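Please read these points with the model open beside them. They go from one local feature to the chain as a whole.

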Amino acid sequence: MFVKFRTEGFNGYSVKWSPFFENKLAVASSSNFGLVGNGRLWLLGVGPEGIVAERVYDTQDGLFDIAWSEVNENQLVTSSGDGSIKLWDATLADFPIQNWQEHQREVFSVDWNLITKDIFSSGSWDHTVKIWNPQAPRSLQTYTEHTHCVYSTAWSPYNPTLLMSGSGDQTVKVWDIKSPRSVQTIRAHHNEVLSVDWNKYQDNMLVTGSVDRTVKVWDMRRPDREVVCLAGHEYAVRRVKCSPHRPNVVASAGYDMSVRFWDTAAPPGRNMMEVHDAHTEFVLGVDFNLYMEGQVATCAWDENLHVFMPPSLLRR
């Protein structure tokens, strides 16, 4: 299976499968590669006939990331180039139901808490990480320890108060929202950290992707060096995602226009399982379908969304 959808006039930045429905997707996109101009949020249905747009919302500035609500199947948040975060409801036609404007620069990341389900995080080029409740008019907490852009935030799938962030200051910081300061700092790469994700099966394991072209696997109990370094991308790694179905499988998307699938448990040099190179521009988004094992969605600056099942992910 391989289907495409064109986000015409808009370059894809982030794609997320719904946590409630196996056939629903959201894509955050920007005109003019996010440099200037509007954004568009696409809510898509994936069916036997292909992919159809069920709702489209236009914004005044480019959209860089999205996160589905874990409480309400019709709601999701987007982060934008104008520093705003917006909450949308798919049952309403036009406007966001909430708009927060606290960040001073582009907001590159939003992530919804999988366990408590009533808070989400944001990471911004203003160097801060913020915690939000969709019902609250202002952020609940702001972390200011990073010394460069925050590109990525991710909540632990195990611990409801644990959050991590990846930054241009080359570090990953782990935060416990019960504490005012970070509880751990990992000097993860010798270049900017663009993406972070947690292993869904091992609570101390996390994955990072960097401008240094590598994907690294870390164990929080031994943070002095990575467990595995996965090399193969030719340019910066823009997004990493751990499989929700297999503990050793990681996907990475990069500026070399490829999506790569890795087996982190394979012998060194034989970790790469497969390369998806059907995009013709930077690939910025990748996500696994929670309900359909092996199904992946990717979005890129070529104005295309791909939904496919990589052969290497199909269980033999």
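How many nonpolar, polar and charged residues are in the lining of the largest cavity?

1. This is a predicted model, in which local features need pLDDT of at least 70, side-chain atom pairs count only at pLDDT 80 or more, and totals for chains, interfaces and linings use all residues. Residues are numbered from 1 along each chain as its sequence is written, and side-chain values use heavy atoms, without hydrogens and water.

2. The lining has two nonpolar, three polar and two charged residues. Here Ala, Val, Leu, Ile, Met, Phe, Trp, Tyr, Cys and Pro count as nonpolar, Asp, Glu, Lys and Arg as charged, and the others, Gly among them, as polar. The lining residues are S243, H245, R246, F288, E293, G294 and L313; each has an atom within 4 Å of a cavity point.

3. One cavity of 30 Å³ or more turns up in a search of the whole structure. A cavity is a set of points on a 1 Å grid over the protein atoms alone where a 1.4 Å probe fits but cannot get out. The volume of the largest cavity is about 40 Å³, taken as the space filled by probe spheres set on the points, which are joined across faces, edges and corners.

4. The chain has zero helices and 28 strands; these are DSSP runs (H or I, at least four residues, for helices; E, at least two, for strands).

5. Buried residues make up 61% of the 316 residues in the chain (buried means under 20% relative accessible area, with a 1.4 Å probe and protein chains only). The C-alpha trace spans about 50 × 50 × 35 Å along its principal axes.

Technical notes: On a 1 Å grid over the protein atoms alone, a cavity is a set of points where a 1.4 Å probe fits but cannot get out, and a pocket is an open set with protein on both sides within 12 Å along at least five of seven lines; lining residues have an atom within 4 Å of a point. Buried means under 20% relative accessible area, exposed over 50%, partly exposed in between (1.4 Å probe, protein chains only).
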